[in-house]
Amino acid sequence: MTAQSPGELRQPPSREAGPFAWFYSPRVRGWLTQLAVFLLLAWGLYAIIFNTQANLKKLNQNFGFDFLTQAAGFDLSTSLIAYSSNATNARALVVGLLNTILIAVLGIIFATVIGFIVGIMRLSRNKVVAGAATLYVEVVRNIPLLLQIFIWYALVLKPLPGVKGAINLFDMIFISNRGVTMPHPLFEEGAWLAPVFLFGALVATWFFRRWARKKQEQTGKSTPVWLTSIPIILLSPVLGLALAGWPLTFDYPSLAGFNFKGGMTIVPEMLALLLALSIYTATYIAETVRAGILAVSHGQSEAAAALGLSRGKALRLVVIPQAMRVIIPPLASQYLNLTKNSSLAIAVGYPDFMYLGGTVNNQTGKAIEVVFILMVVYLGLSLLTAAFMNWFNSRMKLVER
Amino acid sequence: MKSIKSLILASVFGLAATVAASAGTLDDVKARGQLICGSNPGLTGFGTPDDQGNWTGFDVDFCRAVAAAVLGDAKKVKFVPLSAKERFTALQSGTIDVLSRNSTWTMSRDSTLGLSFAGVTYYDGQGFLVPTKLGVKSAKELGGATVCVQTGTTTELNLADYFKANKMEYKVVAFEKNEEVLKAYQEGRCDVYSTDQSGLYAEVLKFTTPTDHMVLPEIISKEPLGPVVRQGDAQWFNIVKWTYYALLNAEELGVTTANVDEMKTSANPEIQRLLSIKSKNEDGTEADNDFGKGLGLGPDWAYNAIKQVGNYGEIFDRNLSQLKIARGKNALWRDGGLQYAPPIR
């Protein structure tokens, strides 16, 4: 060791020279570290692939997706598309994916509505209302979701009568422990006019809204956009059908033997899962909404009050639009959670994507392939939801000029 | 700096070493000193734990026999409860050494799943359980019914075939776990519960009033149930297969837990080969009868299994007589059944 000058404090002199000086250069160090990490990663990947191949070979199995075109052989309790045991495994998986999307979309809608109402209730000046909302949030969010699914399934099944004693609503809707059975609409030639009219109404509403906004900006007069367009949107498909000469008939359910024949049925498994998912996720959304509203500075509500806005109007026009910017990012994670939590469907036998992945895996033995498909699809679903929420977030965020 | 050097060294050596090839299942089991057996999480008579974690049942006892043959001690078994959906993946991945969990032998499980069925320890068939108040006397009257089954089983496949073949409509509700299937059936979610007939008899005993339910006479499928091993390990396959045959041969020869020690002096050459007893020549010289060697096991392999667990008939009676299941197709071939073991020679 030699004496150090103050400028060399960071580098001991022994490392400055000699045959290994290059080893201490930050550049070389950086490269070496990256190389090491890359090699480790490559080795890990190689080990996984090599190991899987060797093990599959030992079992006389090969990696491939041929099983997707084979007949599934099993039936399902509920499906959105035509499905029987003669269909392929691929179609069975599609049935599962559609059921997952259905439960996720419905769950997200219900959870958001309940969550917003409860979140606003928690901030109510009425002690009873606020207390009830707090109780709901604290109880529901602290009970494991799986348990809640079981509880809801029991609550849905237990009190409902058997098929023969089904609750009969106007001889059209029957509620029993086999589910809610209702008339099934059958569309015939010419029914395409209904969606065309609906689309037309939606486009018209969009233009109407643009015109109303312009008018308000110029004259200060507001037009009740939603009050006029919602009935138009709702009535447009009916008008389309009427013009086409009612190409719509209903298949009414009727009791025959053990069960209802005809109609369509919402199975109790789906009801239980939907209730559990939306009520559970709503608690988190409620907390997010409450936090979002509290994040808007009190001055904003006071300013709105000073302008003479009622409390409800102040909430709707001033507070919520600003709160949305805080609410949307965590809301997106709640939607992702709900979508992924829907894979608990298997606990109550609702044939979602996870359920069908498991069944197809079990009937064909293609574990690696099925798990691969499951991962890719759930990842895709989550990324889609996230992308939509990001787009929504960028639309809602503060426009800075 | 030292850590970076060792990191590089480790990764270089890691690359060179690749993945160590696993030894045969027999060596793994011996090294571990324990057999890991996949079993039903709870099917009375076949495989079920009590509140102390002691497992009993027909399938469970078969695993004990294998443990006795391989390790000399029937107690050296760890039971892993598996649902119908998990069972084959657990076996394929090597989590368990043998699957003894009322699993049906089918062609695709043999061919594409990469599994080998070591034999048919229990000949079964799929049946239907209905509440008596439903007023159904035959499966042919079940058109339009809702049926509860367990997912990932041959049961759900047979069900689809049966209703299709008989041109009847039906609705299926399938659950992952058997308890949920039973709960749904008892709560009236479905009219019918379907599984292997042995399972129906076993489950109905757990109901509060078993007499309110009846098993329909039809058997709609062949369900040959037996122990399963991974393909590609012929030695282990032979061990499991011949443990089963040894238990059958023991019953046929009248060798039981109680008399297996006496039988060691038997002059019957078949018993001598089963129990690896040296046969004496007239001049007093001895000849070996050790068939365990060929399996890679000790000479006492069959003796240990019979002494500690019992022969096939004893295992059957101990576990299944409580369910009032008759031997039927599972009687020995000479009694008109299907249980037939190749000779040990």
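**Close-up views of a predicted model**

**View 1. A polar contact of 2.8 Å links the side chains of Gln126(B) and Ser194(B).** A polar contact is a pair of N or O atoms within 3.5 Å; within protein, one must be able to donate a hydrogen and the other to accept it, and residues adjacent in sequence count only if both atoms are side-chain atoms. This is a predicted model, in which local features need pLDDT of at least 70 and side-chain atom pairs count only at pLDDT 80 or more, while totals for chains, interfaces and linings use all residues. Residues are numbered from 1 along each chain as its sequence is written, chains are lettered from A and ligands numbered from 1 in the order in which they are written, and side-chain values use heavy atoms, leaving out hydrogens and water. Gln126(B) sits in strand 8 (residues 126-131) of chain B; helices (H or I, at least four residues) and strands (E, at least two) are DSSP runs, numbered from the N terminus. With a relative accessible area of 0%, Gln126(B) is buried (buried means under 20% relative accessible area, exposed over 50%, partly exposed in between; 1.4 Å probe, protein chains only).

View 2. Look around Trp236(B) itself, setting aside neighbours within four places in sequence: its contacts (heavy atoms within 4.5 Å) include Thr25(B), Leu26(B), Val66(B) and Asp97(B).

**View 3. Helix 11 (residues 301-308) of chain B is largely enclosed by the rest of the structure, because six of its eight residues are buried.** You can pick out the buried ones as Trp301(B), Ala302(B), Tyr303(B), Asn304(B), Ala305(B) and Ile306(B). Among the elements covering them are helix 3, helix 9 (234-253) and helix 10 (269-275) of chain B. Just after helix 11 of chain B comes Gly310(B), with a positive phi of about 110°.

**View 4. Arg64(B) and Asp61(B) join their side chains in a salt bridge (3.0 Å, N to O).** A salt bridge is a side-chain nitrogen of Lys or Arg within 4 Å of a carboxyl oxygen of Asp or Glu. Arg64(B) and Asp61(B) are about one helical turn apart, because three residues separate their positions in helix 3 of chain B. Asp61(B) counts as buried, at 5% relative accessibility. Over all chains, the structure holds 16 salt bridges.

**View 5. A salt bridge pairs Glu251(B) with Arg327(B), their closest N and O atoms being 3.1 Å apart.** Glu251(B) belongs to helix 9 of chain B and Arg327(B) to the segment after helix 12 (312-320) of chain B, so this pair ties together parts that are 76 residues apart in sequence. Glu251(B) is buried, with a relative accessible area of 17%.

**View 6. Glu286(B) and Lys280(B) meet through their side chains in a salt bridge (3.6 Å, N to O).** Glu286(B) is partly exposed, at 48% relative accessibility, and Lys280(B) is exposed, at 63%. In chain A, salt bridges that share partners connect Arg122(A), Glu287(A) and Arg290(A) into one network.
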